[in-house]
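Work through the exercises below with the sequence and the structure open. Try each task before reading its solution.

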Amino acid sequence: MNKLFRCLLFICCLGIGASLQAQTDELLWQDYFEQWMEQNESEEIDEEVFEMIENLKDNPVNLNDTSSEMLLPLPFMTPFKWEALKAYIRQNGSLYSYTELSLVRGFDATTVALLRPLTIIAPVPAATHNQPNLKYMLTHGRSSFITSSRIPLQRAKGYQDSSYCGSPFGWNFRYQYRYSNRLIIQFSGDKDAGEQFFGGVQKQGFDYYGGYAMVNDWGIVKRAVVGKYQLQFGQGLTLWSGSAPWQMDGGSVWRYSTGIHSSSAFCEYGYFQGAAATLKVGKYTELTPFFSYHQCDATPIGDSMVTSLYYSGYHRTITERNKIDQVGERVFGANIHYQRDHLSMGFTGYLTHFNKPLQPTPTLYNYGIFQGQQNANIGADISYRLGDWILFGEMAFSHSDSMVADLLPVASLVGAQFFQGNSSFNCYYRYYSPTYHNFHASPLGQNAKCENEQGFGMNLHTQLPYHIQADISSDIFQYPWFRSRCYGPSVGSEYKVRLFKEVSNAFRVDVQYRYKASQRNRKEVLYKIGDTQRQQFQINASYAPDPSWHLQTRIAYTLFNEEKRVAEHGFLICQDLSYSPTSIPLTLTARYALFEVDDYDARIYSYENDLVYEFSTPAYNGQGYRFYLLLKYDVTEDIKLGFKYGRTQYFDRDVIGSGHDAIQSDHKDELKVQLRVLF
Amino acid sequence: MPPIGGAGMSLGGVSVGLSDPYGSIHNLAGAAFLSQKVLGVSMQQTYLNAAFSYQNCAFALPAGTGSWTLDYTHYGNVDYHEQKAQLGYSIALCPQIALGVGLDYLQSGTSDPYYPNQNLVTFSTGIQYRPTHKLIIGAHVFNPAAIAMNTDLPTRIPTRFNVGLGYELCEELNGYLEVEKHSSYPCRLRMGVAYNYDEIFWARAGFATAPTLYSFGLGYRLNHIMIDLSAQVHTLVGISPHVSLSYLF
């Protein structure tokens, strides 16, 4: 395509592009975060995912000059789209604008809108043969410092009766030095509400400190890290720590493994701490040895044993503080990865050793659970690109002191993925044995753990008539053994349909229906499981006529049924308004939501805009309203302030929460403040 | 629910997606798009019972990029009555979006001296946007802060949140759909269809759920005067006739 035509296209599309920019980029991410929460039935979004997105927003990659490692981890990117982009740039030269991406195969409007906040389009810098030395990188980079505080305006019971040893304020900070993506040094600290600060057991100040130094593309070292890090190989069955990309509607089921990557600044568990490096040992081969040792929180039995690892990171009460650093975890191993043309293969093996034995309390669903001090994991993964198809699979084994003879401790996954134009199709089968043990896996499936699950899933993304895009997914699964709240083998299924249409460049409507059937213990009959069904319907309309104004209207309804119980309903009606004047570096966002939810099973999740590196994902339960006001102001280009005030008012209760978190009030207010400095 | 003009009442009670002058006043945000002053009055005798009757008077004054509105509603009779007076202002944020805020004074009283009059000040807000020339989407919240009366037993005034749309199906036909969530009642669905002949004569019908209501009505424009007659029918309790008159100048 000649340059004149592309320039004309750029000029003609400028007006459209401005509106497209005003399109709900932030809202699309909001939508995908809510999908994640719904899928994982969690109120806590993975900090790793969020921090990855925020890091990319702060340090956007140049689409004309980037490697696949920067974009492929994003859940909506696929190898097909990446190769189509590279082929387009090879054929036509560098991109001029985002509107040009619509000419690239597989880049629909949603993909472009999701990419926009994380990328830039700029000329490729002149190539240089001289690699900057360490001294240059240490003196020519850029630093950022960010600190946030969370201030609750009502006192919970834990502060009144001194069960919580510290103050009710939460506070964290993060310092990062970065030279492009070649050198990154980060140091952070976090104090949760209720934890002590420069007193008691926290004489060093914050409850948590973390940091790392990472270098990329240094001779034969593709990446090396000292400090806190994460490892992601294969499809997540053998070794995948930190965040797992969620199974997004219309996205890729096949995962692009990044190998070593940074850990979230404030994640207090589930990370590695030590050293790791990815070395280029041949034209097509990479070797990643790694070592980690750190103290983990656990529930102790005397001085010589622990029952379970403790994953919340809270150290507010005496009981929680008694779990601090109870067991040392040592991990060492390696991954070897071969990639040539369309073939990718990997082999991973590592040993996890605890300095005290884990002795979980025996329960019905603990049969085959890990016991002891040592666990070995070994696995192999493969993927092959065949035309418009990707075929992939992984198989992993574990060996520990507590192996059960009659069940092979194996986890396996096979799948296929097809992309053509704006349509995609995925299907996959997984089997995770109840006796497969792994402390650092993030599998594809219904459970967060890679155990006790078997299932077959499919999803389809396509374009229907009248420019309506459709995402249809299904998953049929079973749990061969008992699990928490279900004392028997059980089955389930999940179906989801999502239709969305861009009525204009500024106006978008989407409708979703989700159905999930599963089984769990019945409340009125001991040791008997019953069927449950949860249905959710949601409609969103979002409108952004110009870069200053943005509105979203949402209605959501859930229905939960369980055997021998009255059906539970949940309803949410919500209006968002965002204003960013072009003349002042200020953004104001407000929401008002009215909700009525009968019970926790019918809860409705709703992602909220928040300060940078902060997130809020309340699950609406009960009856009341939620209001928040978010203000972000750039004092200068390098100094940025943020404030958020939120209030949840309940109509159906005088006490909010329970236990130490109980608040003797019918409303809950919270204030968040943030300062960001770039220098 | 207070009356919102004959047009809205005959469409199942929709309000936020309306664009007629009298309905726009009650929408709050919609008043920003008015280009003429509007004075309207309406009366409704709910279930043909004077004790449940409504009377309303509303005025809108366009001023610059916005409009001032004044609205007064009386309900009931001497034995029990409620009054609501609202001063509102709505502004067009851009050609397609309008925002309105209203200050509401509420008063209730009885003929029994044992029960003193109750007074309360609250507020309401609304937003309306027009993504296409055929579509109007609106949202309106009454008493969003759920303010309570300061009595021996504090009574929270209900919060009501309406979200809806109006769509021009063709030149003569408009459709309306609205969801209402009241803090004390289940979710309610309202919908209606309006046919107009040359912007002079209207025929409307609609229904609402929880409770189920059917509605119908006629409208006529005579130069600057709009007359709307409507009725809502409850399957058990009966019919509620409504008449409204608005003058544009």
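**Exercise 1.** Find what follows α6(A), and check the length of this helix.

*Solution.* Step 1: α6(A) is followed by G93(A), whose phi is positive, near 90°. Helices here are DSSP runs of H or I with at least four residues, and strands are runs of E with at least two, numbered from the N terminus. The model is predicted: local features need pLDDT of at least 70 and side-chain atom pairs 80 or more, while totals for chains, interfaces and linings use all residues. Residues are numbered from 1 along each chain as its sequence is written, and side-chain values use heavy atoms, without hydrogens and water.

Step 2: the expected span is 1.5 Å times one less than the number of residues. For the 14 residues of α6 (residues 79–92) of chain A this gives 20 Å, and the end C-alpha atoms are 20 Å apart, so the two values agree.

**Exercise 2.** How many residues of chain B are in contact with chain A?

*Solution.* Step 1: with contact meaning heavy atoms within 4.5 Å, 27 residues of chain B touch 25 residues of chain A.

Step 2: the count of salt bridges (a side-chain nitrogen of Lys or Arg within 4 Å of a carboxyl oxygen of Asp or Glu) between the chains is two. One of them joins the side chains of D666(A) and R156(B), at 2.8 Å from N to O.

Step 3: β4, β6, β7, β10 and β11 of chain B each give two or more residues to the side that touches chain A. The largest share, five residues, comes from β6(B).

Note on methods:
Chains are lettered from A and ligands numbered from 1 in the order in which they are written.
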